[in-house]
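Hi everyone, thanks for coming. Please have a look at the sequence and the structure on the screen, and then I'll walk you through them.

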Amino acid sequence: MSVSPTVSTQQNPLRGMTIMASAMILLPTMDAIAKYMASFEGMSPGQVTFYRFFFQFVCMLPLLLTVTGRSAFSAKRPWMNLLRGALHGAASLLFFAAVKYMPLADVFAIYFVEPFILTALSALFLGDKVGWRRWLAIVIGFGGAMIVIQPSFAIFGLKALLPVACAFLYALYLFMNRAVGEADSPLTMQIMAGAGGTVFMAFALLVGSSVGVADFEPSLPGSMLGLVLLLILGSISGYAHMLVVRAFRLAPLSLLAPFQYFEIISATVLGYAIFGDFPNLSKWIGIAIIVGSGLFIIWRERVQSRSVNSAQG
């Protein structure tokens with residue numbers, strides 16, 4: 001999962017692409033750890049999500065204090081940043097719940113309807129101009145998602161829709177990133193998001209466990225390996241997203257956006273290597289449709305941006 005871009009006058013596209021590709025290959029490791037903790041350590045997705053944000057907060061705190069000192073906690077928009085963290089926490093919870101039940105590659109493929117949702121929301125609520133070609137690509141992309149969802153739905157039922165719900169919440173999270181803008185530094189935004197996600201997940205665990213929902217069962221790591229993996233999970237969630245922020249400051253969004261699909265490749269490799277999961281032919285067709293539709297939307301946005309810039313020139 002990535003964060004919103006910020007603009008920098010010091011561009012280095014090649015370095016930005018390298019950093020973005022590295023981050024996209026690294027990030028699915030976080031979800032593989034979440035699946036491992038649920039499958040082999042018996043930890044609920046709710047508890048894993050809590051540790052994800054708690055250890056993100058703990059692991060990033062020393063860097064934050066070293067770089068910015070106590071001023072890092074004086075965010076200009078604290079409540080907006082905390083709300084970002086809560087939305088990110090809810091999205092991560094749904095994603096971790098999905099990977100507990102479904103193959104990693106399937107979850108990532110379905111989750112990548114998020115750009116379609118974000119494009120549609122931008123058109124409906126922000127007045128962004130979206131032509132018929134992109135609307136058609138959105139419809140086709142959702143069709144590809146249905147190809148991936150259908151066999152999973154037959155096996156897992158409504159749980160197969162968890163990645164779609166996650167994608168919707170993450171699209172809202174990106175809207176919040178727009179609202180926060182560049183009022184606060186990336187480090188401050190990450191630490192505040194970690195705090196917001198931790199508080200949200202503590203509340204969710206309390207409520208979920210009190211009503212007996214198994215996916216919110218609280219627990220401590222059952223082994224030293226589990227504790228180490230949770231520390232790695234928190235570190236990746238914080239620092240890999242910092243890499244994405246850095247990449248967006250070195251290269252334009254239109255150049256970096258296609259690298260998001262590297263996550264599907266990384267997730268497929270990890271899913272096969274660790275859990276023995278590999279998409280069948282019909283799922284690969286659905287994945288190809290989703291990726292193709294997403295790349296088309298990115299390309300059309302780039303063409304539209306060039307047209308606007310040319311008209312202004």
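Let me start with a term: accessible areas come from the Shrake-Rupley method with a 1.4 Å probe, and for residues only the protein chains shown count as cover. By that method, the protein chain exposes about 14,000 Å², with 70% of this supplied by carbon and sulfur atoms.

Some ground rules. This is a predicted model, where local features need pLDDT of at least 70 and side-chain atom pairs count only at pLDDT 80 or more, while totals for chains, interfaces and linings use all residues. Residues are numbered from 1 along each chain as its sequence is written, and side-chain values use heavy atoms, leaving out hydrogens and water.

Now the fold. There are 12 helices and 0 strands in the protein chain; helices (H or I, at least four residues) and strands (E, at least two) are DSSP runs, numbered from the N terminus.

What about the inside? Buried means under 20% relative accessible area, exposed over 50%, and partly exposed in between (1.4 Å probe, protein chains only). Of the 313 residues, 51% count as buried.

The largest nonpolar core has 80 residues, and Met20 and Phe95 have the most contacts inside it. Such a core is a set of buried Ala, Val, Leu, Ile, Met, Phe, Trp, Tyr and Cys residues joined through side-chain atoms within 4.5 Å. Helix 1 (residues 13-40) gives this core its largest share, 11 residues. A second, separate core has 6 residues, among them Leu64 and Leu187.

Finally, is Met224 buried or exposed? Met224 counts as exposed because its relative accessibility is 59%. Met224 belongs to helix 9 (residues 224-250).
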